[in-house]
Amino acid sequence: MTRGKFIVFEGGEGAGKSTQARRLIGFLEERNIPTVLTREPGGTAGAEAIRTLLLDPPAIGEGWGSRAEALLFAAARSDHVEKTIEPALAAGRWVVCDRFLASSVAYQGGAGGLGAHSLYELHQFGSAGMLPDLTLILTISPALTRNRLAKRDGEHTDAISGRPAKYHRKVADAFATIAADPRHKACSIDANAAEDEVFASIRAAVQPLIEQRSR
Ligand code: TMP
């Protein structure tokens, strides 16, 4: 059995990751590639419960400190890798995941001030340092982000998307650094364009993996 590929969508809030991830699943399935669509934090019953603890304001109470927050994301990821991602890849499925380690490096490491190094160490402990075959980093302008979030969330932001603009600027800076880091096998996608155009860039980035498969 040939191991499946692990493709991750990353980027700041409102970049269109979930929509494009669903489109990619359809595209792969049309090519008879078996897939799994999943997300972080989440993707197992336990990790979805941790998602609620991290993101739902009523569940959070007084709020997590930055280290506790990073540990909760890493715990959710550990469960997700062990129970969902690794078994699917071993069974030859391609896993498309909405966010993964790069989000922890950008949000908790970059914007939260913990630094990238601690996040990689935590990932080594929690998930044996497992990394994607391709990381698609969707970037959009701050003005477009504001528009999309106002439409998507209205007044109801989650605990992290509702943080100040300064925090999200640091997230964007950290993603720019990650895009140049070979560990993530990253490709930057300009997501300011129309949905079809963005998907065309994604298809082009995924094509080499599909060609490897048919060799
Ligand atoms: P979303 O996937 O629906 O955008 O929501 C997830 C939120 O959690 C988003 O604000 C980014 C944040 N997040 C982190 O801060 N660190 C992480 O490791 C992950 C996976 C998500």
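Between which two elements does the loop that holds Arg-99 lie? Arg-99 sits in the loop between S3 and H5. The model is predicted: local features need pLDDT of at least 70, side-chain atom pairs count only at pLDDT 80 or more, and totals for chains, interfaces and linings use all residues. Residues are numbered from 1 along each chain as its sequence is written, and side-chain values use heavy atoms, with hydrogens and water left out. Helices (H or I, at least four residues) and strands (E, at least two) are DSSP runs, numbered from the N terminus.

**Backbone details**

- Phi of Arg-99 is near 80 degrees, a positive value in a residue other than glycine.
- Arg-99 is buried, with a relative accessible area of 14%. Buried means under 20% relative accessible area, exposed over 50%, and partly exposed in between (1.4 Å probe, protein chains only).
- Ala-128 also has a positive phi, of about 55 degrees, although it is not a glycine. Ala-128 is in the loop between H6 and S4. At 64% relative accessibility, Ala-128 counts as exposed.
- The peptide bond from Glu-40 to Pro-41 is cis, with omega near -10 degrees. Pro-41 belongs to the loop between strand S2 (35–39) and H2.

**Nonpolar cores**

- A nonpolar core is a set of buried Ala, Val, Leu, Ile, Met, Phe, Trp, Tyr and Cys residues joined through side-chain atoms within 4.5 Å.
- The largest core has 34 residues, and Phe-6, Ile-85, Phe-100 and Phe-175 touch the most other members.
- Elements that each supply at least two residues of this core include strand S1 (6–11), helix H4 (66–90) and helix H8 (165–179). H4 gives the most, with 8 residues.
- Apart from this core lies another, of 24 residues, among them Ala-15, Ile-25, Ile-140 and Ile-189.
- Beyond its neighbours within four places in sequence, Phe-6 is in contact (heavy atoms within 4.5 Å) with residues including Ile-85, Leu-89, Val-95 and Phe-100.

**Aromatic rings**

- The whole structure holds 4 aromatic pairs. Rings of Phe, Tyr and Trp (its six-membered ring) pair if their centres lie within 6.5 Å; planes under 30 degrees apart count as stacked, over 60 as edge-to-face and the rest as tilted.
- Phe-27 and Phe-199 are edge-to-face, at 5.8 Å centre to centre and 80 degrees between the planes. This pair links helix H1 (residues 17–30) with helix H9 (residues 195–214), and its members are 172 residues apart. Both Phe-27 and Phe-199 are buried.
- Tyr-107 and Phe-175 have ring centres 6.3 Å apart and planes at 80 degrees, so this pair is edge-to-face. Tyr-107 is in helix H5 and Phe-175 in helix H8, 68 residues apart.
- Tyr-107, Tyr-167 and Phe-175 form one aromatic cluster.
- Arg-31 lies over the face of Phe-27, at 3.7 Å from the ring centre. A charge sits over a ring if NZ of Lys or CZ of Arg is within 6 Å of the ring centre and within 35 degrees of the ring normal.
- Arg-183 lies over the face of Tyr-120, at 3.9 Å from the ring centre.

**Two sides of H8**

- In H8, Tyr-167, His-168, Val-171, Ala-174, Phe-175 and Ile-178 are buried. They cover an arc of only 115 degrees around the axis, which puts them on the same side of H8. The arc is that of the directions from the helix axis to the C-beta atoms.
- On the other side of H8, exposed residues include Lys-166, Arg-169 and Asp-173.
- What covers the buried residues of H8 includes S1, H4 and H5.
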